[in-house]
Amino acid sequence: MGKTVFIIVDGMGDRRINQLNNNTPLGYVLKPNIATLLKEAACAYPSVLGKLAPESDAGVLADLGYDPVRFSTGRGWFECLGLDMHPREGDISLRVNIGESTRGKLKSVRTYLSIDEFRTLEKEINNKVSLPVEFEFKAGEGYRAGLIIRAKSKTFSAFISNTQPGYAVKFFGENKLGFARQVKINIVPKVKALKSTADYTAKILNIFVSEANKVLAASQVNKEREKEGKNLANCIMLRDGAVKDPRLFDINKRFNKKWSAVLGMPLEKGIAIASGMKVFDTGESENVEKDLKKKTEAAIRALQQSDCVYLHIKQTDAASHLGNFVEKCRVIMLIDEIVIGNLLHSLDIPSGDRLVLTCDHVTSSSLKMHVNDRIPVLLASRKFGRCGEFGETYCSKHALKNIKKATDIMPFVMDKL
Ligand SMILES: [Zn+2]
């Protein structure tokens with residue numbers, strides 16, 4: 001049986017940009033190794049969440065074959081799982097952003113902290129914030145953290161609003177999905193109960209935020225940052241609280257293949273754990289070349305132990321959120337050179353191995369946000385003849401007809417290729 005590498009490049013898809021000859025970053029850059037794959041390949045161009053602009057959790061779930069509407073109970077579950085925090089049903093598990101605000105006005109939703117700074121703040125919040133129930137706050141990478149508030153006599157409710165501007169929630173029965181929304185507000189609102197059964201949850205979370213913000217403001221970490229003219233980490237934003245286990249089906253059993261995941265971000269790690277994959281946590285290196293080399297080496301090691309490897313690459317999304325399409329182009333070229341270039345030596349497409357290259361959602365570099373556009377997918381398999389190109393424009397004209405939704409990709413790859 002052939003091996004499969006399934007690469008999800010975060011927010012790789014984009015819109016056309018004038019400075020790139022009205023092309024997208026993926027369509028514009030030279031990709032010699034991807035060009036080699038095109039000898040036996042086809043393209044797909046599915047939608048992820050229809051009209052909603054997906055967050056990464058929905059995009060990754062869909063790409064891996066889990067309908068986000070059916071499975072997602074809130075991103076916070078996966079974020080906390082990926083931070084090794086042990087979410088439980090009835091507790092509320094949330095994704096946290098740390099940003100900066102001045103006199104009530106939000107200046108930034110992301111304050112990048114060093115590991116040492118973040119660990120110090122984590123300790124201070126866990127020691128100094130006083131709540132009537134137990135909680136655990138855990139630092140993640142850069143500006144991302146996880147929060148679990150443990151249920152005591154009352155269980156918590158997921159029917160609460162997000163407080164990070166630009167991220168809204170939508171409910172599907174008891175299920176819950178976050179999605180990106182363009183907003184102009186620059187204040188961080190309080191958590192609102194969206195049902196009366198969530199009043200207690202909102203109340204506890206609002207106490208946490210106000211206490212934690214006081215701890216942050218008083219911290220030596222921020223005093224040092226202020227002295228050095230760096231932006232402050234004094235504003236907690238919460239999103240996508242989950243109280244239920246999403247109960248993903250076991251991907252190994254579903255497709256009768258042994259899966260591994262190579263990644264460094266908590267959300268994607270949480271999804272991989274919940275789906276039953278063996279995780280190779282590489283962490284994230286700041287240097288893109290170093291990071292891609294480390295991930296590629298781990299993917300090659302993982303391939304020796306499993307039939308299928310899910311490889312997640314983050315940097316394209318970060319560049320898009322900063323509006324830096326030049327950096328996005330550079331990352332895509334490095335993916336071609338380092339990741340695809342090396343995987344080509346480990347995979348044998350003509351003998352039955354497969355490679356899938358896609359993204360979780362489209363992040364527009366001009367808008368600096370996720371949009372609801374279709375995602376480009378490259379499927380390399382000996383079942384196909386030559387594919388002309390790989391980019392959004394080509395995909396929009398030459399996509400396979402039987403992959404209409406992102407959730408169609410995985411069953412197609414596993415059952416048909
Ligand atoms: Zn993403």
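**Reading the labels in a predicted model**

Alanine 139 stands opposite alanine 145 in β7, and the model in which this is seen is a predicted one.

User: What makes strand β6 and strand β7 a pair, and in which sense do they run?
Analyst: Pairing requires at least two bridges between the strands; strand β6 (residues 135–139) and strand β7 (residues 144–149) have five bridges, in the antiparallel sense, and therefore count as a pair. The two strands form a hairpin with four residues between them, and in the turn glycine 142 has a positive phi of about 70 degrees.

User: Why is α5 called roughly perpendicular to α10?
Analyst: Helix α5 (residues 75–82) packs against helix α10 (residues 266–275) at an angle of about 95 degrees, with the axes 7 Å apart. Because angles from 65 to 115 degrees count as roughly perpendicular, that is the label α5 receives relative to α10.

User: Which residues meet where α5 packs on α10, and how do they divide by class?
Analyst: From α5 the contact includes Arg75, Phe78 and Glu79, while from α10 it includes Pro266, Leu267 and Lys269. By class, the contact of α5 with α10 has seven nonpolar, two polar and four charged residues.

User: How do you know whether alanine 318 is buried, exposed or partly exposed?
Analyst: Alanine 318, which lies in helix α12 (residues 315–321), has 19 other C-beta atoms within 10 Å. Since a buried residue needs 20 or more and an exposed one has 12 or fewer, alanine 318 is partly exposed.

User: How many Å separate the C-alpha atoms of alanine 318 and serine 114?
Analyst: They are separated by 17 Å, the two residues being 204 residues apart along the chain.

Definitions and conventions: Residues are numbered from 1 along each chain as its sequence is written. This is a predicted model: local features need pLDDT of at least 70, side-chain atom pairs count only at pLDDT 80 or more; totals for chains, interfaces and linings use all residues. Axes are lines fitted to C-alpha atoms, for helices over the stretch in contact, and angles run from 0 to 180 degrees between N-to-C directions. Angles under 35 degrees count as roughly parallel, over 145 as roughly antiparallel, 65 to 115 as roughly perpendicular and the rest as oblique. Two residues are in contact if their C-beta atoms, placed from the backbone, lie within 7 Å. Ala, Val, Leu, Ile, Met, Phe, Trp, Tyr, Cys and Pro count as nonpolar, Asp, Glu, Lys and Arg as charged, and the others, Gly among them, as polar.
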